[in-house]
Amino acid sequence: MMRAALVFAFVLLWTACTGRQAATDGRGVPAMRVPAGFVVTEASTPGLVNYPMLGTIAPDGAMYMCESSGRTMKTPEMTANPDYVVTRLTDTNGDGVWDKSTVFADKLTLPAGAAWQAGSLYVAAPPVLWKFIDTNHDGVADVRDEVVRGWNLSANAASLHGPIMGPDGWLYLTDGRHGFDIKTRDGKHYQGKASRIWRVRPDGTGLETFAGGGFDNPVEVVFTPGGDMFGTMTYFQDPADGQRDAILHFVEGGVYPKPYAVTAEFPRTGELMPVMTKFARIAPAGLLRYRGAALGAGFDGNLFTAQFNSHRVQRHKVSRVGATYQTEDEDFLMSSDPDFHPTDAIQDRDGSLVLVDTGAWFIHGCPLSRVAKPDIKGRLYRIRRKGGQPDPQPAAGDARMEEWVEKKDVAALAKLATPAAIFGLYRIGTPEAHAAILAGLASADWEVRQAAARSAGMARLNAAIPKLMEMVKKEDPGVRRQAAAALGQLDAKQAVSVLIEAAADAEDRFVEHSLIYSLIQLGVPAPLHRQLSHESPRVRQAALIALDQMERSPLREQQALALLADPDASLRRAALWVVSRHKPWAAGATKSLEAAYRSPRFAPEESTPLGEAIAAFCGEEAMRQSIGRALGDVSLDASRQLFLLDSAERCSSKEFPATWQTGLAKLLAHSDARVRLQAIQLVRARGLAAFDADLAKLAAESSERDELRVAALSALGSRRAQLDGPSFAYLVSRLAPAIPADVKLAAAQVLSRAHYSPAQLQEIAAKHLKAADPIVLPSLVEAFRSGGDVQVGNALARALAEVESSLGAVGSQRVKDILAKYPDSVRAAAQTLIARMEAGRQARLEKLKKLETATANTSGDVGRGREIYFGAKAGCSSCHTIGLEGGQVGPDLTSIGAIRSAHDLLEAIVLPGESFVPGHEVYRVETAQESYSGVLGKSTPDAVRLITGPGDEVRIPRKDILKMGHAPVSLMPEGFDEILTVKELTDLMAYLRAQTARPAASAPGL
């Protein structure tokens, strides 16, 4: 069993995905709240749609809606029997309510977006981007063409989305991190696994990557008039500091978080690109950039996000910051209905907003609920300003633009001279149109110049190069960024010197990125070699990264190593990243890295990149010798020893180097308790039997802290044939009610894995099970898992029958699994007990209702709730973080009050195990010697890392694993309602519900 990491893991139920909350206002419009001055109405007749997801409105007003069948399928099932559809909705009487539906296209896998272009509907339904045409105008597509094929399907909706029609006339698609193998009709072949933003011409030619990264699930993108792209996505980082999802500003060649191995598929320009708008775990889906005045002043250019988990739509006011953007965010529509899951926001031709609610059918990815609700179907809603006037101008302008492009009316577009006109000229593509684009480079409007630079690069207008080179030197930051990108697209090798010099005063990361990305594309190394000694550290850094990332990198070892000691901290970090990618440089790199951590200038803010570089070389002999010399070196203070231990723990080498063991033995006796504890944790993670005597000595030292003694016994694990008497007595003494929760559960976890004599097991049953509280009871029951004789089995059953705390903490399935290894007579005798346990769940549900009433009627105290959260009785903070405080094992609770209701929190405390947060599922791993339960850490091809508690991680060689799979029960025990009083529960929930934003002292994030 997991120890204190899961003492208070109530968010294993609800923090990443939606939960159930009281819906006092029912369903639909009555449950919704919008700002004063707005009104929500039904936008379709009852029953017209079933499970709508994402859609688009055609010029004639018809809505093309991607719909689920209501079945949440696994990928193989969806592949074998695709039954999703695209429906065509029409408003037959012009009252603003769609009232007629036909199935436009059927037998689709997950259709996740649609775009209308020139009489054709394009739909992404992985593995295919489809083109559908209704030639006889009966509302049903009779032409079905594969535009491109090759994206892997993931039925949890984290795969291909789109397409979205860009202002340049290309189709843009977003794809999650599930891989692709694509062969296009114009002979291109792409293979990879990373997430990507793709673009392709409507005829299927020209497919290429626009941007990408390690994020899990990009959904929808939108464009500014000048062509800048924003997109929703999930997981720019594993949930931390109250953040997980985001809106990104995508730029050409950008590589975005989260940090993940697949980012190696892209050339990098330095650190991963920053995030524009950060969210909690809200699962953003559809994204809209609003145009026009129908919603009132101040709405033109705003973004709207449909947020699946949080039952809301948010409004984002966009403003420029250098070459990128920032947003001011506010709730626009909120629903108290827990089964309301918005998936798209669409602007209709009159300027009203259409909101898509998919219903409660989806359970595959988020939420990970155990029960789908296909009986609760989706709906469409319309949001208008009360008394406001329709604004058809944006739709009319689009229609007029399409007409001019179709007629190739260059004169009309050139006269208009807007960003949209520039893109229209690009789509026409004639020499006259190109001349007008070139003229746009000198426009007084920065956004026209930006659109012209983008169009010149995409159209390969070499005549634009001189002007673009001027723009790179001095311009509006956004235009400067786009001019740099265009020079790379144009293969303007004559621009290399201008680009590298421009890096000296790059306004922000986005300008810097575009300059370096173009230098990488151009691939001219000679000028960059010279710039490695430039007076500007920004120029030196740009030259270093560009040289490293070019094909067949011309960067030389000594050039990179010299920059590891550069006075500029940013350049040193860049050099660390570059050097760590070159294993042949191990000997020279080791000397430089050792000098860095031994330097008086060694600083905590540089420890992470330095540690990553050391870990990258830890399999090389030179680095092994270096770490061996440094571990236990008395000339290095405790902070450096902690840094070295952390670096050694990151090392993924199969065998723990023998040269490190002498130093590690010294650290087990270090004067600083933090060093001793981290040394124990490293021994535990690597399963190092050579230190058993040292661990036994630490465990027996009565003056040592409980934290270290229990950790030492945990590290000894099951290597001892039987738990000795003094250790057994010490561990059971730590189960007393007055012992802090984290120590108590850690001791119980050690007991759960130990080997016993029958007499010891009978003692546990007779003396300790009956008095155990819900925190330790499941772990003590686990001690009986290895099986035994009739006496031991009967003792277990008798003890559980008399247990004083909640049997819900154990779970009937766990008891069945454990008793499976006991004689038939034991299992037969335990049937009454198991039946009682299974019947007890209904009683727990009833108790939950009473507790909900009791806590709702009592005002909680936030201050006292904080004391409970960080106190020893419940031990919440030992595994969960709020802001910068707490453990890192369980899900982060920062801002939890903004996305979860009081009902959610209380239910998760009282009845855990209903569902699990993605990334925090519990695994059971069995070897010949031991059984482990925990959450997966950063595993490698040769070993599984399992986090079994705060600071307690074990590395299990894959060759030793006999069985591995999801555990059928939650590692969080039930029964916190028995440990905490109603008043304490109320105070705790008051504190959690008050966490609606990141604390002011919290880390800034990406």
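**Entry 1: the core.** I looked up L769 and found that it touches I764, L777, L780, V781, F784, L796, A799 and V803, leaving out residues up to four places away in sequence. Contact here means heavy atoms within 4.5 Å. L769 is one of the residues with the most contacts inside the largest nonpolar core, along with F250, L468, L544 and F784. That core has 194 residues. Another core lies apart from it, with 28 residues, among them V123, W130, F132 and A141. I count as a nonpolar core a set of buried Ala, Val, Leu, Ile, Met, Phe, Trp, Tyr and Cys residues joined through side-chain atoms within 4.5 Å. Buried means under 20% relative accessible area, exposed over 50%, and partly exposed in between, with a 1.4 Å probe and protein chains only.

**Entry 2: ground rules.** I am reading a predicted model, where local features need pLDDT of at least 70 and side-chain atom pairs count only at pLDDT 80 or more, while totals for chains, interfaces and linings use all residues. Residues are numbered from 1 along each chain as its sequence is written, and side-chain values use heavy atoms, with hydrogens and water left out.

**Entry 3: cysteines.** How many disulfides does a search of the whole structure find? I found 1, taking a disulfide as a pair of cysteine sulfur atoms within 2.5 Å. It joins C618 to C651, with S to S at 2.0 Å. C618 sits in the loop between α17 (607-616) and α18 (621-630), and C651 in the loop between α19 (638-650) and α20 (661-667), so the pair, 33 residues apart, links distant parts of the chain. Helices (H or I, at least four residues) and strands (E, at least two) are DSSP runs, numbered from the N terminus. The torsion about the S-S bond of C618 and C651 is about 90°, so I noted the disulfide as right-handed. Both cysteines, C618 and C651, are buried. I also checked C66, which is buried at a relative accessible area of 0%.

**Entry 4: strands.** I traced an open sheet of 5 strands in the order β1-β25-β24-β23-β22, with antiparallel pairing. Two strands pair if DSSP finds at least two bridges between them. The edge strands, β1 (32-33) and β22 (284-289), each pair on one side only. β24 (residues 312-321) and β25 (residues 324-335) share 10 bridges, and V318 has T327 in β25 as its bridge partner.

Entry 5: Which residues of β13 (residues 180-183) are on the covered face? I found F180 and I182 there, with D181 and K183 on the uncovered one. β13 runs antiparallel to β14 (residues 189-192), joined by 4 bridges, and D181 stands opposite Q191. Between these strands are 5 residues, and G187 takes a positive phi near 90° in this hairpin.
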